[in-house]
Amino acid sequence: MIEARHLRVLRAVAGTGSFSAAARELGCTQPAVSQQMKALEQSAGTPLLVRTGREMRLTQAGDALVRHAAGILAGLTAAEEEVAAIAGLRAGRVRLVSFPSGSSTLVPTALAAMRAEHPGTRISLVEAEPPRSVEMLRDGDCDVALAFRYAGASAPVAEWEDLVVRPLLTDRLVGLVPEGHRLAGAERLGMAELADEPWIAGCPRCRRHLVEVCEDAGFTPRIDFATDDYPAVVGLVGAGLGVAVLPELAVESVRAKGVATVAVEPAVEREVVALTLPDLARVPAVAATLTELERAATR
């Protein structure tokens, strides 16, 4: 019989490449990792690792087991959390990953509500942009992922089809120009009006979408600077080094000094959602977190 603790050890060994590194990650000794891997190989009835000097690689069977491990462990987590809730243990853990502008706007309100309503629930937060955040969810490295995608973008239609999707809000992009710019006082502008301007671009997904939108408007943007840090984008625009478009959530979370915001026509929007795995959606603490994120988006 394959045990969950053995699967966790296998994932750690596969991820780190050695018993010693896996032991450090798991907080145990190298002999303990070695013993558990031997027990797992005995249960599987076939070798799972090939040892070549100091390096290790997965056999075909080991690769198959690692691929299934995330779903198996997520299912076990769901079962453990549901049993704890039924038994009256008002406790839980939720690992949340969010993109930066979500972390500074939606997440604080949701987590404050969770702490007030469910003080026994522990919530951790790390930041990652999609698609990395979605990969972390599928790999079992988080329980809820705050993510976004642009309307009409070239992302695959089936991007989230295996996940539970909780829509939160539609986030409109706005243009950012220096305060002294010729368009700073405009009520709205078309993207083509910025065709000859230097651009400051954001995260890789936002950068790709910017190029698509500009090309639809008949030009290719000259991107002089690219940064994942929204305050840096605003600072560069404020210093007169270029123009940008940012989601309203991002502008809301930054003090826009020396910058004018202008509505962009036609409207450019992104869909902001909370994602989780189907098994985890039944975990009370995860379900409550999704609900509070949804409420935060309406405030």
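**Notebook: salt bridges and aromatic rings**

I started with Glu-294, which forms a salt bridge with Arg-166, their closest N and O atoms being 3.1 Å apart. The two sit in distant parts of the chain, 128 residues apart: Glu-294 in helix 11 (residues 284–297) and Arg-166 in strand 6 (residues 164–178). A salt bridge here is a side-chain nitrogen of Lys or Arg within 4 Å of a carboxyl oxygen of Asp or Glu. Helices (H or I, at least four residues) and strands (E, at least two) are DSSP runs, numbered from the N terminus.

I noted the ground rules next. This is a predicted model, where local features need pLDDT of at least 70, side-chain atom pairs count only at pLDDT 80 or more, and totals for chains, interfaces and linings use all residues. Residues are numbered from 1 along each chain as its sequence is written, and side-chain values use heavy atoms, with hydrogens and water left out.

How many salt bridges does the structure hold? I found 20. In one of them, the side chains of Arg-149 and Glu-271 meet at 3.3 Å, N to O. Arg-149 lies in strand 5 and Glu-271 in strand 12 (residues 269–276), so this pair ties together parts 122 residues apart in sequence.

I checked exposure too. Buried means under 20% relative accessible area, exposed over 50%, and partly exposed in between (1.4 Å probe, protein chains only). Arg-149 is partly exposed at 23%, and Glu-271 is partly exposed at 30%.

Then I looked at Glu-265 and Arg-172, whose side chains meet in a salt bridge of 3.1 Å, N to O. Glu-265 is in strand 11 (residues 259–265) and Arg-172 in strand 6, 93 residues apart. Shared partners also join Arg-149, Glu-159, Arg-205 and Glu-271 into one network of salt bridges.

**Aromatic rings**

Rings of Phe, Tyr and Trp (its six-membered ring) pair if their centres lie within 6.5 Å; planes under 30 degrees apart count as stacked, over 60 as edge-to-face and the rest as tilted. I counted 2 aromatic pairs by this rule. Phe-99 and Phe-148 have ring centres 5.0 Å apart and planes at 80°, so they are edge-to-face. Phe-99 is buried at 0% relative accessible area, and Phe-148 is buried at 0%. The rings of Phe-148 and Tyr-150 are 5.8 Å apart at their centres, with planes at 80°, so this pair is edge-to-face. Phe-99, Phe-148 and Tyr-150 form one aromatic cluster.

Last, I looked above Phe-148. The charged end of Arg-270 sits over its ring, 4.4 Å from the centre. That rule needs NZ of Lys or CZ of Arg within 6 Å of the ring centre and within 35 degrees of the ring normal.
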